[in-house]
Amino acid sequence: MTEASRRFTVARMVELSGPQRPATATHLLNLRATLDAWLPAPPARPGQTDDLLRMLRPIDRPYSSTTIGYEGASPGFIRVDFTPSGPLDAALQRGGRPLAAQRDSAQRAAVRAVLEGQGFTLGEFKVLRGGEIVHEAVATHPNSPNRVYYLSYLWLERGSFTQGSRFSERWFTLAIKTGTQ
């Protein structure tokens, strides 16, 4: 996790630990219980949790443009940033549409590595959206067996994106009907 995301995570944990008022012993015990769950005894690896995704602040659906800010400058926990385990090809950072396929592949590999490192299992599939085949995925975590996370990949170079019909009921229905392995 990036340094800024670690700071924002601690702030969000304090916020979620109890009502708004000076921290109490209960707040601190709630924080300690969360940290204990994140740092299990060996041989389990630390950080094998889906808590970070569950802690993300929901984004209101009605807005057509969604602001997620920039890495290190987006308090409020609407995003969490990770440093990829391997270096990203510098050529992918600038180049636009001609590099879309390479960006998509690199992005999916980086997301998969981070999420699997957190203990997630991913199932990827392809969906026909707007005449174009795109990759999407679902993720599950053993700590939350009744929860499914839906991944929609989007390479962003600015701090917001146009949501359009993304994440609407119709959007998910299309994925269910046309998704292929």
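Phe125, Tyr150, Trp171 and Phe172 form one aromatic cluster. The model is predicted: local features require a pLDDT of at least 70 and side-chain atom pairs a pLDDT of 80 or more, whereas totals for chains, interfaces and linings use all residues. Residues are numbered from 1 along each chain as its sequence is written, and side-chain values use heavy atoms, with hydrogens and water left out.

### Sheet

Helices (H or I, at least four residues) and strands (E, at least two) are DSSP runs numbered from the N terminus. Three strands form an open sheet in the order β2-β3-β4, with antiparallel pairing; two strands pair if DSSP finds at least two bridges between them. The edge strands are β2 and β4, each of which pairs on one side only. Neighbouring strands of this sheet are turned by 25° against each other on average, direction ignored. Axes are lines fitted to C-alpha atoms, for helices over the stretch in contact, and angles run from 0 to 180 degrees between N-to-C directions.

In β2 (residues 121-129) lies Lys126, which is 10 residues from Glu136 in sequence and 6.1 Å from it in space, C-alpha to C-alpha. β3 and β4 pair in the antiparallel sense over 5 bridges; in β4, Leu151 is the bridge partner of Ala137.

Helix α4 (residues 100-117) packs on the sheet, touching β2, β3 and β4, and its direction makes about 150° with that of β2. Helix α5 (residues 169-178) also packs on the sheet and touches β2, β3 and β4, but its direction makes about 100° with that of β2. Contact means heavy atoms within 4.5 Å.

### Core

The largest nonpolar core has 8 residues: Leu115, Phe120, Leu122, Ala137, Ala139, Tyr149, Leu151 and Tyr153. The elements that give two or more residues to this core are β3 (132-141) and β4 (144-152). Such a core is a set of buried Ala, Val, Leu, Ile, Met, Phe, Trp, Tyr and Cys residues joined through side-chain atoms within 4.5 Å. Buried means under 20% relative accessible area, exposed over 50%, and partly exposed in between (1.4 Å probe, protein chains only).

### Aromatic pairs

The whole structure holds 5 aromatic pairs. Rings of Phe, Tyr and Trp (its six-membered ring) pair if their centres lie within 6.5 Å; planes under 30 degrees apart count as stacked, over 60 as edge-to-face and the rest as tilted. Two of the pairs are tabulated.

| Pair | Centre distance | Plane angle | Class |
|---|---|---|---|
| Tyr150 and Trp171 | 5.4 Å | 70° | edge-to-face |
| Tyr150 and Phe172 | 5.0 Å | 90° | edge-to-face |

The pair of Tyr150 in strand β4 and Trp171 in helix α5 links distant parts of the chain, 21 residues apart. Phe172 also lies in helix α5, so its pair with Tyr150 in strand β4 ties together parts 22 residues apart in sequence. Trp171 is buried at a relative accessible area of 7%, whereas Tyr150 is partly exposed at 23% and Phe172 is partly exposed at 29%.
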